[in-house]
Amino acid sequence: MTPFHHIGNVIRDFVTAVPMPMVRVLFALFFISLIIWVWRLPKDRWMPEGVTKVDLSSNLRFWALIALLVQLAIYMIF
């Protein structure tokens with residue numbers, strides 16, 4: 001066996017030792033932290049330049065939050 005086999009075995013043993021409910025919690029925390037980060041972005045980061053009126057078509061933060069919420073729901077259901 002090569003050294004890579006030993007490294008791979010160590011990584012596999014570490015990953016399989018994490019229980020599945022904990023993995024679900026970690027994924028949920030990841031998406032929740034992304035949602036909080038996107039929500040707190042300043043207006044100049046999520047609004048396109050030259051747009052003065054904010055509606056749903058130009059609100060990039062709104063669509064990013066929708067996408068993150070859908071992904072979070074998918075991970076929590078399945």
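Buried means under 20% relative accessible area, exposed over 50%, and partly exposed in between, using a 1.4 Å probe and protein chains only. This is a predicted model, where local features need pLDDT of at least 70, side-chain atom pairs count only at pLDDT 80 or more, and totals for chains, interfaces and linings use all residues. Residues are numbered from 1 along each chain as its sequence is written, and side-chain values use heavy atoms, leaving out hydrogens and water.

Reader: Which residues are exposed on the other side of H2?
Author: Start with the buried ones: Ala-28, Phe-31, Ile-35 and Val-38. They sit on the same side of H2 because they cover an arc of only 85 degrees around the axis, taking the directions from the helix axis to the C-beta atoms. Over on the other side, the exposed residues are Leu-29 and Trp-37.

Reader: Which helix do the buried residues of H2 pack against?
Author: Helices here are DSSP runs (H or I, at least four residues; strands are E, at least two), numbered from the N terminus. Contact means heavy atoms within 4.5 Å. The buried residues of H2 pack against helix H4 (60-77).

Reader: OK, so is Arg-61 buried or exposed?
Author: Arg-61 lies in helix H4. Not counting residues up to four places away in sequence, Arg-61 touches Val-38, Trp-39, Leu-41 and Trp-46. Its relative accessibility is 18%, so Arg-61 counts as buried.

Reader: What pattern does the chain follow along the sequence?
Author: The chain has four helices and zero strands. Read along the sequence, that gives the pattern α-α-α-α.
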